[in-house]
Each structure stands twice: as structure tokens, then as C-alpha cells.
Amino acid sequence: MTATKVDLPPARYEFGGDEFVFVELDREMSLEANFKAMAITGALRELDLDGVIDICPSNASYLVRVDPDRLHPAALVERLEELEHSAGELPEDYTVHTRVVDVPVLFDDPWTRETLMRFRDRHQDPEATDLEYAARINGHPDVGSLIDAITSAPFIVTMLGFVPGLPFCYQMVPRDRQIEVPKYVRPRTDTPERAFGFGGAFAVVYPVRGAGGYQLFGIAPAPVFDLSQRLPDFADRIAFPQASDVLRYRSIDLEEYEAVRAEVEAGTFRYRTREVSFRPAEFLADPDGVNDRLMEVLYR
């Protein structure tokens with residue numbers, strides 16, 4: 001079977017007390033590292049080892065909780081090292097079965113703009129908005145060009161964290177096209193619910209109102225977290241995004257924003273979602289071609 005080589009440094013294994021094994025695949029985030037984490041944790045689930053309680057994949061690492069009375073952590077590490085080497089090359093037929101989702105975003109909205117302007121003393125450039133600053137440091141001539149870059153290719157959910165339901169999303173483009181921005185110099189004490197933010201190379205939608213340090217680019221009309229599980233998309237889980245979901249952030253105007261908000265308030269909103277499969281090896285060889293096919297599935 002042919003395979004695509006994933007060149008990463010040797011993984012680092014650490015024990016967390018008697019019940020946890022932490023594995024860092026790379027100190028840098030990359031799609032290759034995330035695909036490898038998905039491959040290893042997927043293979044670990046299929047092994048169904050007695051004593052493995054929980055498996056938590058992350059951006060470029062993963063965490064395993066183990067019952068030491070049923071499986072010694074050192075024995076688990078031996079199995080994980082075997083999986084590390086077998087997943088070091090992605091088989092051509094290794095397939096990710098997931099969802100592709102349309103996520104509308106109102107960029108440069110009045111609510112996040114009001115918030116970010118209140119905290120300019122905590123920002124790298126107090127004279128610019130977050131969008132203006134991000135466009136400049138990423139070499140875009142204007143804000144519109146930056147928004148086009150964000151919406152031109154989908155993002156993959158690499159993990160959920162920070163607060164319940166917050167999706168860390170990494171854009172599915174080669175590294176030289178990645179958008180990167182620093183966090184605020186000092187965090188804000190306020191961030192609107194559903195704010196669309198960017199920090200490092202990750203896009204997020206804030207599930208709830210609270211503190212935050214990511215650059216604020218806009219706001220999503222639909223929630224990613226619904227504790228009451230009132231909306232149909234949240235019937236089974238209080239958080240809508242799942243690791244490996246492919247999200248396409250789509251720019252909308254204020255009229256569509258208000259229309260979606262009305263659907264949310266009425267309890268009728270549903271995300272446009274399609275089941276999809278793709279092969280990481282194919283993506284690494286032709287990212288734009290695979291992204292085009294994912295978008296065809298979403299919008300056909």
C-alpha cells in the first residue's frame with residue numbers, strides 16, 4: 001500500500017499522575033500533525049484496549065486517560081509508540097469521515113467593533129481596528145482582501161477547549177497562505193457571545209460572553225453552544241462543533257445576520273451540514289482541489 005510520509009520529530013510522551021498519558025506530536029501546529037493525531041487516536045479507538053477510559057485529540061497532541069488497575073500506563077505508551085510509527089506515514093486510503101458545515105459570519109459588525117474599541121490600550125496597534133491590523137501584518141492591501149482570504153478556503157476543527165464548545169479551527173491551506181495574528185498584549189475583560197476571533201493561526205467562535213485575547217473580526221449569528229439544547233442541531237450535544245469538522249466561514253451582510261438571528265430566536269435554525277469524506281494524503285498533495293470538492297458537496 002502506498003503512503004504519504006509525514007515528517008515530524010519523535011513524539012514526546014509524559015505521564016500525568018497515574019491516570020493520564022500526554023503525547024506531543026509536534027511543538028508546531030500543522031495540518032500534518034493534526035492528521036497524524038487523528039490517525040493515531042482513531043486507531044487507538046479501534047483497538048478498544050481494556051483500561052482506556054477516554055481519548056482526547058488536540059491540535060498537535062493528544063491525551064489518554066487510563067485505568068492503571070486494568071492497563072499500566074507504561075504498557076499503554078508501548079502501544080502508542082507502535083501507533084506513532086505505523087501512522088508516521090498516512091496510507092493513501094486513510095479516510096476522514098466527518099461533516100462540512102456552512103458557518104455565516106458578519107465581519108466588521110457593530111458589536112465586536114464597539115468592544116474592541118474599548119480595549120485599544122491593550123492592543124498592539126491602538127490606532128487600528130483588529131481587522132485593519134491583521135490585514136497589514138499579513139500583507140493584505142485592505143480589510144476586504146483579508147476577509148476574502150479567510151472565506152476562500154475552509155477550516156478544520158482541530159479541538160474543542162478553553163470554554164465548552166469553543167472550536168479551534170485551522171485553515172486548510174498550505175502554510176505559506178496561513179493567516180497569523182498575535183493575541184492582545186493584555187486580554188480583554190469582555191468579548192461578545194458568538195464573536196468570531198483569530199489568534200495565532202486559529203479561528204474561533206466564542207460560545208459565551210466573557211474575557212478573551214483573540215483579535216475580533218466579526219460575529220456569528222448562530223450559536224456553537226446551547227446549554228438548553230433548544231435548537232435541533234443541539235439535540236444530542238450542547239456543543240455543535242466536533243473535532244475534524246470542516247467549517248466554511250461565509251461572509252454575510254446585516255440583513256442575513258438579522259434573518260438568521262430571527263430563526264435562532266424562533267428555535268428553527270439549522271446549520272447547513274453535509275456528511276463528507278476526504279483522504280488527508282490527497283489533501284496534502286492537492287489542497288485546493290480537495291477544498292473545491294468539499295465545497296461542491298456543501299453547496300450542491
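## Pockets and domains at a glance

About 220 Å³ of space lies in the second largest pocket of this chain. The model you are looking at is predicted. Its largest pocket holds about 560 Å³ of space, and the lining there draws at least three residues from each of domain 1 (12-90) and domain 2 (97-299). Here is a quick tour, starting with the pockets and moving on to the domains and one aspartate.

**The second largest pocket**

**The largest pocket**

- For the largest pocket, 22 residues make up the lining, and Thr41, Arg45, Pro57, Ala243 and Ser244 are those that lie nearest its centre.
- Two or more lining residues come from each of helix H1 (31-47), strand S4 (52-57), strand S7 (96-107) and strand S8 (155-160).
- Helix H1 is the element that gives the most to the lining of the largest pocket, with five residues.
- By class, the lining of the largest pocket is made of 10 nonpolar, nine polar and three charged residues.

- Contacts across the boundary involve 12 residues of domain 1 and 16 residues of domain 2.
- Domain 1 and domain 2 bury about 1,200 Å² between them, with carbon and sulfur atoms giving 72% of that area.
- On the domain 1 side, Met29, Leu31 and Phe35 lose the most area to domain 2, and together they account for 45% of what that side buries.

**A look at aspartate 67**

- You will find aspartate 67 in the loop between strand S5 (61-66) and helix H2 (73-86).
- A polar atom of the aspartate 67 side chain lies 3.0 Å from the backbone nitrogen of aspartate 69.
- Leaving aside residues up to four places away in sequence, aspartate 67 touches Gly51 and Ile53.

Note on methods:
Residues numbered from 1 in each chain as written. Predicted model: local features only at pLDDT ≥ 70, side-chain atom pairs only at ≥ 80, totals over all residues. Heavy atoms only, no water. 1 Å grid on protein atoms, 1.4 Å probe; cavity = no way out; pocket = protein on both sides within 12 Å on 5 of 7 lines; lining within 4 Å. Points joined across faces, edges and corners; volume = space filled by probe spheres on them. Helix = DSSP H or I, 4+ residues; strand = E, 2+ residues; numbered from the N terminus. Nonpolar A, V, L, I, M, F, W, Y, C, P; charged D, E, K, R; others polar. Domains from an automatic or database assignment. Polar contact = N/O pair within 3.5 Å; in protein donor to acceptor, adjacent residues only side chain to side chain. Contact = heavy atoms within 4.5 Å. Buried area = accessible area lost by both parts, 1.4 Å probe.
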